[in-house]
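Subject: Structure handover

Hello,

Here is the structure you asked about, with the sequence alongside. My notes on what was found follow below.

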Amino acid sequence: RKTRTKKSAGHDREWTMKGKWAAAALLALAAVNAAQAQTYPSRQVTVIVPFAAGGPADISGRIAADIFQRHLGQQFVVENVGGAGGTTGSLRAARATADGTTLVMGHMGTHAAAPALYPNLGYDPEKDFEPIGLIAVQPELLAVRKDFPASNLKEFVAYAKANESKLNMGHAGVGSVSYVGCLLLNSAIGIKPTLVPFTGTAPVMNAILAGNVDYDCDPVLGPLPHVRAGTAKALAIAHKKRSPMLPDVPTSYEQGLPQFDCAPFYAMFAPKGTPQPIVDKLAEALNKGLEEEAVQKRLYDLGAEIAEPNQRGPKALGELVRSEVARLTPILKAASAK
Ligand code: MLT
């Protein structure tokens, strides 16, 4: 039978004390977190939008900021930090102090596609953020300049193949959803146009209107007013169903190119380590805001789809990020290699 030595009994006492201190520290931290959440937000919050003003990310980020502001009684100020397909602003958010004063509008590009396209991304969408909630899903469409010599997907494919060397495609940077959507389109058709990067699809749209760029792949809300005004054309919705905002534009599925399927999520995230009670408070506010009739109408009129409440909270968004990273990584690697 083993006898306990004085030394091992001493160690046990030391470990018991360490355990008690750790438990006390955790309790103290929980108390600080709870207190912080009660007074949160006690100062202005920055909402980083990692793309240019006026585009789908900016508009989604501003809708969320407005909801937070109205529900939580504090200023939520949008800061546009464009560059590198949204990864510059996302990295800044990942490294910000995790106290609820910095949030980021992330989407299928920055928070699911980027790991497949950047070997040294600098952040991990799954590990470096606290998901807050999904704002909307925004199906893309193929938009072309108004005098582009094609009026449907079949004609686009024929023209693009015959004129590949002079074809220009605008996008919001490698990893952006406009890049991802058109990567799927181009690789399915087998073309490599000249890629023209911008800090967002709002400036891409201006270049299309000016006739400097031939086409882009953009969530419906970007090209919508220009398509309606006849200053740009929409050739295909990259989704299984047509957009109620542009009911005459057939889908890529209807036109025989189902590989061109891109309906990115737009969502809110906080840096990893943001206290849970703060995350919960933000998630609840966002959820309530998305139930408001005026917010729902605004998103609907922009061609966006709002998910059911059980599919848009922190847990559901975390799962969506995980499943989208897993789904997109092989697809994007194969498409990039083509
Ligand atoms: C934007 O807001 O400019 C777009 O959502 C960017 C993108 O293509 O990802």
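Predicted model: local features only at pLDDT ≥ 70, side-chain atom pairs only at ≥ 80, totals over all residues.

Ala-84 is found in the loop between β2 (76-80) and α3. Its phi is near 50°, a positive value in a residue other than glycine.

Two other backbone features are worth a look. The peptide bond from Tyr-40 to Pro-41 is cis, with omega near -5°. Pro-41 belongs to the loop between α1 (6-39) and β1 (45-49).

On the chain as a whole: it has 338 residues, of which 51% count as buried. It contains 11 helices and 10 strands. The C-alpha trace spans about 90 × 50 × 30 Å along its principal axes.

Where does the ligand sit? It sits in the largest cavity. Two elements give two or more residues each to the shell around the ligand, namely α2 (56-72) and α6 (177-189).

- Phe-51, Gly-55, Pro-56 and Ala-57 are among them.
- His-107, Ala-172, Ser-176, Val-177 and Ser-178 are also among them.

Which backbone atoms lie close enough to the ligand for a polar contact, given a cut-off of 3.5 Å? A backbone N or O atom of Thr-201 is 2.7 Å from an oxygen atom of the ligand. For Ala-57, a backbone N or O atom is 2.8 Å from a ligand oxygen atom. A polar backbone atom of Pro-56 is 3.2 Å from an oxygen atom of the ligand. On its own the ligand has 270 Å² of accessible area, and the protein covers 100% of that.

Thr-201 also belongs to helix α7 (residues 201-209), where it is buried together with Ala-202, Val-204, Met-205, Ala-207 and Ile-208.

A few single residues remain.

Thr-101 is in the loop between α3 (87-95) and β3 (102-107). Is Thr-101 buried or exposed? Thr-101 is buried, because its relative accessible area is 14% and the cut-off is under 20%. The side chain of Thr-101 makes a polar contact with the side chain of Asp-99, at 2.6 Å.

Ala-93 is in helix α3. With a relative accessible area of 1%, Ala-93 is buried. Ala-93 and Asp-128 are 35 residues apart in sequence, and their C-alpha atoms are 9.3 Å apart in space.

Ala-188 has its place in helix α6. Its relative accessible area is 25%, so Ala-188 is partly exposed. Between the C-alpha atoms of Ala-188 and Asn-163 the separation is 16 Å, and the two residues are 25 apart along the chain.

Regards

Conventions. Residues numbered from 1 in each chain as written. Heavy atoms only, no water. Near = heavy atom within 4 Å. Polar contact = N/O pair within 3.5 Å; in protein donor to acceptor, adjacent residues only side chain to side chain. Areas by Shrake-Rupley, 256 points an atom, 1.4 Å probe, with all protein chains shown as cover. 1 Å grid on protein atoms, 1.4 Å probe; cavity = no way out; pocket = protein on both sides within 12 Å on 5 of 7 lines; lining within 4 Å. Sits in = over half its atoms within 2 Å of the grid points. Helix = DSSP H or I, 4+ residues; strand = E, 2+ residues; numbered from the N terminus. Buried < 20%, exposed > 50% of the residue type's maximum accessible area, 1.4 Å probe, protein only.
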